[in-house]
Amino acid sequence: MTIDATAAAGVRLDLWLWAARFFKTRALAKHAIETGKVEIGGQRAKPARSVRVGDLLVVQRGEERFELEAVALSDIRGPASVAQALYRESEASKLAREQARALRAAERAGFRPPDSKPDKRARRLIRALGDIDAL
């Protein structure tokens, strides 16, 4: 396990994202970088760009958006506790992700499919209502 905070050269971006456990494979990290889901210092980056201690990164993973500062460098993937020591996430980023997660959970809780098929009376009511969405 090599965590090197004094490396002048830095570590490849795709390798660092993989080591920090943002993506399961380097190929997924590379694809995310190439499609513009990762920025360093407000600019799009290439997979081979070096990450240095103190760099500010924005990582878009699915519906989540992380705003990070690189605290340490590593070129190997280790346990999650070591990976979390590689970066520091901003408080605003954490708060925004929690709010978005709560909003998605509330949206999912709104629709509940029925437990069983509608009975004869319910089917008649459904037919009588017709296609409400067509109005």
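## Terms and basis

A residue is buried when its relative accessible area is under 20%, exposed when that area is over 50%, and partly exposed in between (1.4 Å probe, protein chains only). By that rule, Glu 64 counts as buried, because its relative accessibility is 17%.

This is a predicted model: local features need pLDDT of at least 70, side-chain atom pairs count only at pLDDT 80 or more, and totals for chains, interfaces and linings use all residues. Residues are numbered from 1 along each chain as its sequence is written, and side-chain values use heavy atoms, with hydrogens and water left out.

## The sheet

Helices (H or I, at least four residues) and strands (E, at least two) are DSSP runs, numbered from the N terminus. Two strands pair if DSSP finds at least two bridges between them. Five strands form an open sheet in the order 3-2-5-6-7, and the pairing is antiparallel. Strand 3 (43-44) and strand 7 are the edge strands, each pairing on one side only.

Strand 2 (residues 38-40) and strand 5 run antiparallel, joined by three bridges. Here Glu 39 has Val 58 of strand 5 as its bridge partner. Val 58 also stands opposite Glu 67 in strand 6.

## Strand 6 and its neighbours

Strand 5 (residues 56-61) pairs with strand 6 in the antiparallel sense, over six bridges. The two form a hairpin with two residues between the strands. Gly 62 in this hairpin takes a positive phi near 65°. On to strand 7 (residues 87-89): three bridges join this strand to strand 6, and the two run antiparallel. Leu 68 stands opposite Glu 89 in strand 7.

In a regular strand the side chains alternate between the two faces of the sheet.

Strand 5 has a partner in strand 2, with three bridges between them. Helix 4 (residues 91-110) packs on the sheet and touches strand 6 and strand 7. Contact means heavy atoms within 4.5 Å. The direction of helix 4 makes about 165° with that of strand 6. Axes are lines fitted to C-alpha atoms, for helices over the stretch in contact, and angles run from 0 to 180 degrees between N-to-C directions.

## Salt bridges

A salt bridge is a side-chain nitrogen of Lys or Arg within 4 Å of a carboxyl oxygen of Asp or Glu. The whole structure holds 12 of them. One of these joins Glu 64 to Arg 101, with the closest N and O atoms 3.0 Å apart. Glu 64 lies in strand 6 and Arg 101 in helix 4, so the pair ties together parts that are 37 residues apart in sequence. Arg 101 is partly exposed, at 34%.

Arg 101 also meets Glu 98 in a salt bridge (2.8 Å, N to O). Both lie in helix 4, three residues apart, about one turn of the helix. Salt bridges that share partners join Arg 61, Glu 64, Glu 89, Arg 97, Glu 98 and Arg 101 into one network.
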